[in-house]
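Subject: A structure for you to explore

Hello! Here is the structure I promised to pass on to you. Have a look around it first, and then read my notes below.

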Amino acid sequence: MAKVTLLAYTPDPERTIACAAKLCYSPSSIDTVHSGLTDEKVASFVEMLSEIGHESPIEHASFTFGIEGVSRALLAQITRHRIASFSVQSQRYVAEKSFEYVTPPEIADVPEALEIFKEAMAEDQRKYDKITEILKEKHKADFLAAGKDEKTAERMAEKKAIEDARFVLPNACETKMIVTMNCRSLMNFFRHRCCNRAQWEIQDVANQMLALVKGVAPEIFKKAGPPCLIGPCPEGKMSCGKAKEIKEYYANFGK
């Protein structure tokens with residue numbers, strides 16, 4: 001299963017956002033923008049921004065997460081959120097020896113399907129290893145013929161081999177990444193990925209991320225989550241129809 005860790009975040013994120021909001025709506029100078037910002041006023045500024053829909057000040061706080069135990073299929077989804085920074089473990093530079101993989105719960109619950117799935121993963125590993133071996137032998141011979149020493153030829157040949165062998169690896173193959181988003185991007189991320197219609201793996205990751213940021217910035221993320229928490233479901237006829245249950249679930253989320 002996925003594991004999400006909050007690695008770093010803007011110190012005192014809600015106060016930073018309140019400073020930005022105060023500068024927008026008062027004659028404060030940079031030197032005095034912190035003055036008088038009690039905890040109550042910080043919360044008031046954050047609440048005001050939420051009520052009037054002024055989102056640019058919340059971009060001044062960001063959060064960095066470590067995400068592991070997720071599939072390459074999740075990677076394809078999360079990188080669609082373009083206002084973010086991603087660093088992902090490379091299959092080009094890191095050999096997938098006995099690669100770990102993510103098993104969808106629906107497959108895990110059906111023994112017959114699970115057996116076939118495991119066989120497919122084992123077969124992918126065998127094919128990956130065999131292609132790597134064949135290509136590595138070819139590339140090593142080429143590098144030796146080009147005058148490289150044995151050790152250098154070995155290292156360069158493996159790197160070049162796994163670069164192409166990775167094409168047989170499945171979407172289920174595990175990966176890990178570091179992701180940084182500012183608060184505005186996170187709010188958008190949560191609206192889309194905490195939704196009950198989101199794919200199960202990225203919904204799990206989004207909920208873990210939401211719980212973590214609520215722990216350090218509860219005022220900012222008080223209303224974060226799927227859009228049905230604060231209004232009608234935007235999915236129309238595609239709605240899951242469970243708005244009441246979802247509101248109950250998120251009522252005490254992260255507390």
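**Glu201 and its surroundings**

Setting aside residues up to four places away in sequence, Glu201 touches Gly69, Val70, Ser71, Leu74 and Val102, where contact means heavy atoms within 4.5 Å. Please keep in mind that this is a predicted model: local features need pLDDT of at least 70, side-chain atom pairs count only at pLDDT 80 or more, and totals for chains, interfaces and linings use all residues. Residues are numbered from 1 along each chain as its sequence is written, and side-chain values use heavy atoms, with hydrogens and water left out.

Glu201 is found in helix 8. Helices (H or I, at least four residues) and strands (E, at least two) are DSSP runs, numbered from the N terminus. Buried means under 20% relative accessible area, exposed means over 50%, and partly exposed is in between (1.4 Å probe, protein chains only). A salt bridge is a side-chain nitrogen of Lys or Arg within 4 Å of a carboxyl oxygen of Asp or Glu.

One of the residues that Glu201 touches, Leu74, lies in helix 3 (residues 72–78). Leu74 counts as buried, with a relative accessibility of 0%. Apart from its neighbours within four places in sequence, Leu74 is in contact with Met177, Glu201, Ile202 and Val205. Leu74 and Leu210 are 136 residues apart in sequence, and their C-alpha atoms are 17 Å apart in space.

**Salt bridges**

Side chains of opposite charge can pair when their charged atoms come close. How many salt bridges does the structure hold? There are 16, and here are some to find on your screen.

- Lys222 and Glu47 form a salt bridge in which the closest N and O atoms are 3.2 Å apart. This pair links distant parts of the chain, 175 residues apart: Lys222 sits in the loop between helix 8 (200–216) and helix 9 (243–251), and Glu47 in helix 2 (residues 39–52). Lys222 is partly exposed, at 43% relative accessible area. Glu47 and Lys222 also belong to a network of salt bridges that links them with Glu219 and Lys223.
- Arg126 and Glu123 meet through their side chains in a salt bridge of 2.5 Å, N to O. Because they are 3 residues apart in helix 5 (residues 111–145), about one helical turn separates them. Glu123 is partly exposed, with a relative accessible area of 29%.
- Lys140 pairs with Glu154, and the closest N and O atoms of this salt bridge are 2.9 Å apart. Lys140 lies in helix 5 and Glu154 in helix 6 (residues 150–165), so this pair ties together parts that are 14 residues apart in sequence. Glu154 is partly exposed, with a relative accessible area of 30%.

**Two positive phi angles**

Most residues other than glycine have a negative phi. Asp12 has a positive phi, near 50°, and is a residue other than glycine. You will find Asp12 in the loop between strand 1 (3–9) and helix 1 (13–25), where it is partly exposed at 43% relative accessible area. Ser98 is not a glycine either, and its phi is positive at about 55°. The place to look for Ser98 is the loop between strand 3 (85–88) and helix 4 (105–108). Is Ser98 buried or exposed? With 60% relative accessibility, Ser98 counts as exposed.

**The whole chain**

Zooming out, the protein chain has 9 helices and 4 strands, and along the sequence they follow the pattern β-α-α-β-α-β-α-α-α-β-α-α-α. The C-alpha atoms fill a box of roughly 75 × 50 × 30 Å, taken along the principal axes. Of the 255 residues in the protein chain, 37% are buried. Among contacts with a separation of 6 or more, 75% come from residues 24 or more positions apart.

Enjoy exploring!
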